[in-house]
Amino acid sequence: MKEILGLYNYWIVVFLMMTGFYIVIARRNLIKKVIGLNIFQISVFLLYITMGKITGGTAPILPAKHFTTGQEFQTFSNPLPSVLILTAIVIGVATTALALALIVRIHEAYGTIEEDEILAQDREP
Amino acid sequence: MEQHLPVLLIITPLMAAPFCVLIRQRVAAFGLAWAVCWATFVMAAMLLGRVLDGGEITYQLGGWAAPWGIEYRIDTLSAYVLLFVSGIGAIVLSFAPQSIAHEIRKDQHYLFFAEYLLCLTGLLGISITGDLFNLFVFLEISSLSAYALISLGARESLPPTRRALLAAFHYLVMGTIGATFILIGIGLLYMMTGTLNMADMAVRLRETVGVHGVSMPVNQTRTVLVAFAFLSVGISLKMALFPLHTWLPNAYTYAPSVVTAFLAATATKVSVYILLRVIFTIVGSSFAFNKLPLDAELMVLSLIGIVVASTTAIFQTNIKRMLAYSSVAQIGYIALGISFASLDGLTGAIVHMFNHALIKGGLFLAMGCFALRLGSTELDDMRGVGRRMPWTTFAWVLGGLGLIGVPVTAGFISKWYLISAALENGSWLVAALVLISSLLALVYVWRVVETAYFQDSPQQQAEVTEAPLAMLIPTYILIGATVYFGVWTSLSAGVARQAAELLLEVTP
């Protein structure tokens, strides 16, 4: 039981990762491929965020007191994975934007975004 | 000034890229990009000189001490990769103006220069940084700009072509999967070590940790095994190791000639550099080769890749696609050298990164000359071109000889090291396969030679003339370098040997 509930986040990560990966491989529609790619990337973001979190930990901001109750905080979550993922999110957005821009150009050139139809058009002389 | 060289090498092209976009004027943008590329080459040469004299250089960004801050760390291997990447970047850019005037819409030229500089920044950044996450960011900078550069191969006229778009999209999907795998690997390593600095991580991976009450070295834990698996698959995708090469042929075939020359010469080599760093600097070769059978896997995959890709190259009708398959085979040679895990093998791998960059860069530049004058890269259209464009064809033949590995060309030096490493290892079969694959290379190079020299040119080619001097000179600089480094090897093989000694931690 501990393996399932204690590692709840990691199970979600693996599930999302495989879902996204499957969509990228199995779908022939270019937009769906991009959606799959996004899910795949976001699972990795979750993986990073999860590893930085400690049970009962709070954000490492000074002063280490609750601003109404005055209670002192003892444990802090690691902020570095969150910072790394901010960068990775930006990269993910840039990748998605570039992929969508390419799809717009492909739609202009071929009139379709189904991979099979594009390849069929390319085979014609 | 002098001690800030490492960061200037990265900052200069990075800052010049947005300036190219702001200028919007193609001649001025070219001037800026040209000056910056040659400046990075000079800086890289100075860095290599300093590393060879005084050993490793470290630079702390913003004065934040490693392992908390980002650190640039330049050893012999880094400086060597920096030198040939920036050198080829500068030479290929000098070739660019007339080639892209033919192949890319005029109003997109300034964007081409901006993307080119960004791609160069990313590739140089990967080679210089000592921080794993920083490496991932640079990898994405170079990849994103590479996808955009490849898609520039689509145009509405002269002759219209649109295949570059889908090729770029496929590369984007495969490249992003590869990069995300690398990101997962970095995350899992961070989970176990709590550091992103490569040198610090290497130390901490060798410490011990308690897992379920059992004390074991950190690099024996399952998390690190999984991290290494993700990293090696992700990097293999990026370096187009067989059978993960499927994105490469289309991307190289349909990209503009200049882009193909630049990416074929540098991008996959820098990915090989990442593999070397991960295997030798971070997890250690004994972990990768003794605990895990990465050497056997690399050897089998690279040998299959060499034979299959060389054979596929023989049957191609488009010469750019033929050279692309040849690139997959050449990556196989590099991976083969790594798989020996011996001094000779590793020297062969590192020197072949350098030699193949020169050879393939030169060959694709010659293809750029053909594309300019013939408007095509199909083998059929090259009939009799040896008489119409003698200088370009001769350059191509010299490059082709390098691919085969004929003595007095750079390719021979690489194969010499690989074969002597194989014999030292007692693997006669591997040595024989390397020699047989050279014969396969001879077949596909000969097809072009035969078509170019011994067949009659079609009628419509009567007005085809030699390529302009501004394109021939950069081509001949690269092709001349392959001959130079086939004879005088102190800079190529000598430095590669030093780098290999440092990686294997053996004293000369």
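**Interface of chains A and B**

I looked up the contacts first: 31 residues of chain B touch 37 residues of chain A, a contact being heavy atoms within 4.5 Å. The model is predicted, with local features needing pLDDT of at least 70, side-chain atom pairs counted only at pLDDT 80 or more, and totals for chains, interfaces and linings using all residues. Residues are numbered from 1 along each chain as its sequence is written, chains are lettered from A in the order in which they are written, and side-chain values use heavy atoms, without hydrogens and water.

I then noted the area: the two chains bury about 3,100 Å² between them, 79% of it on carbon and sulfur atoms. Buried area here is the accessible area (1.4 Å probe) that two parts lose on being put together, summed over both.

For charged pairs I found 1 salt bridge between chain B and chain A (a side-chain nitrogen of Lys or Arg within 4 Å of a carboxyl oxygen of Asp or Glu). B:Arg163 pairs with A:Asp122, and their closest N and O atoms are 3.6 Å apart.

What is the nearest cysteine sulfur to B:Cys20? I found that of B:Cys37, 9.1 Å away. B:Cys20 counts as buried at 0% relative accessibility (buried is under 20% relative accessible area, 1.4 Å probe, protein chains only).

I also checked B:Cys369, whose sulfur is 19 Å from the closest cysteine sulfur, in B:Cys37, and so too far for a bond. B:Cys369 is buried, at a relative accessible area of 0%.

Notes:
Disulfide = S-S within 2.5 Å. Buried < 20%, exposed > 50% of the residue type's maximum accessible area, 1.4 Å probe, protein only.
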